[in-house]
Amino acid sequence: MDRVLQIGPLLPSLERDMREHYDVVLLDDVPDGYLDEHGAEFAAAVASSRIGVDRALMDRLPSLRVIVNFGVGYETTDVEAAKERGIAVANTPDVLNDCVADTAVGGLIDVMRRFSAADRFVRRGDWTRGPFPLATKVSGKRVGILGLGRIGRAIARRLEGFDVEIAYHSRSRVEGVPYARMETPEKLAAWCDALIVATSGGAGTRGLVSAAVLEALGPDGYLVNISRGSVVDEPALVAALTGGRIAGAALDVFAHEPDVPAELLTLDSVVLLPHIGSATHETRRAMGDLAFRNLRNFMEKGTLITPVPEI
Ligand code: NAP
């Protein structure tokens, strides 16, 4: 039976499928020094996207041929190091587009119409003392999408139903879409009423939503982030929110999860979600199935169903 190294907790049904077909060892369970003796026995690793496989771990797995990331974002896996070693890398794209896009649209409506704040208002008993303050209309507004990839396009398609005007910024122009491309994140932020961040994470997008982008979004502008916490300069965001230099934010991702900046916890202008973009039974099952099919396909045929584009 082939040996598979499991890195981090995975969906129980995926763990079950893996154990049925392979000799699975959970990295967290092995004693110190185990990989020095047994590292060469593993041809495959299946990793939670939160943890990934770094260069140091690859060095301890000299026979590794494939890494399957449970999740579409794989910035925690060192793809360059994998490429150097001829290790194939897979992720789980597309099957989560619907749920992550739903989360972005839900966050947008929540923060602009202030549903979460209004819910707290009712629970506190404040309604008996007077009406909830007026909020901001969503329909008909200008929405900027930073990163018009698979999820960004699914967000745009949903928003068409709200009669919003849509523009985007990605490094390259996206063909076949009716949305205007803005040359820079700053220009997009200056143009829109709400900026939705849907880029990939990793070094290439670190701090892309900078203090200057937030300044351009302005005191009436809203930010929604469903991509990665690293894409937004978090201290600059906290300063912009506490200083009223942007109107509000809906955040599913943070720079140091599960830690959320303390200043945000008391702000009614912020919707805080615990990284639940893809967290539905249906989508997680589809991600687990795709991860397992990648593993099985590679072990039996030497090819992946959804390899990452860099390799
Ligand atoms: P994708 O199809 O690869 O789209 C990524 C987009 O980001 C592309 O349009 C890309 O366009 C753009 N981009 C990358 N680097 C950029 C840069 N420096 N400046 C501007 N745009 C840049 O990926 P996807 O499947 O839509 O997923 C997007 C991300 O969503 C994932 O990587 C993950 O981090 C996040 N995600 C979050 C959750 C959650 O639970 N919240 C769940 C799933 C995914 P160009 O290459 O042309 O620039």
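How many residue pairs are in polar contact between domain 1 and domain 2? In this predicted model, local features require pLDDT of at least 70 and side-chain atom pairs pLDDT 80 or more, whereas totals for chains, interfaces and linings use all residues. Residues are numbered from 1 along each chain as its sequence is written, and side-chain values use heavy atoms, with hydrogens and water left out.

The domain assignment, automatic or from a database, places residues 3-95 + 281-301 in domain 1 and residues 97-272 in domain 2. Two residue pairs, both at pLDDT 80 or more, are in polar contact between domain 1 and domain 2; such a contact is a pair of N or O atoms within 3.5 Å, and within protein one must be able to donate a hydrogen and the other to accept it, while residues adjacent in sequence count only if both atoms are side-chain atoms. One salt bridge is also counted between the domains, the term denoting a side-chain nitrogen of Lys or Arg within 4 Å of a carboxyl oxygen of Asp or Glu. The side chains of E75 and R228 form a salt bridge with an N to O distance of 2.6 Å.

Seven residues of domain 1 contact six residues of domain 2 (heavy atoms within 4.5 Å).

R228 also has a polar side-chain atom 3.4 Å from an oxygen atom of the ligand. For H275, an N or O atom of the side chain is 3.2 Å from a ligand oxygen atom, and a polar backbone atom of L148 lies 3.3 Å from an oxygen atom of the ligand.
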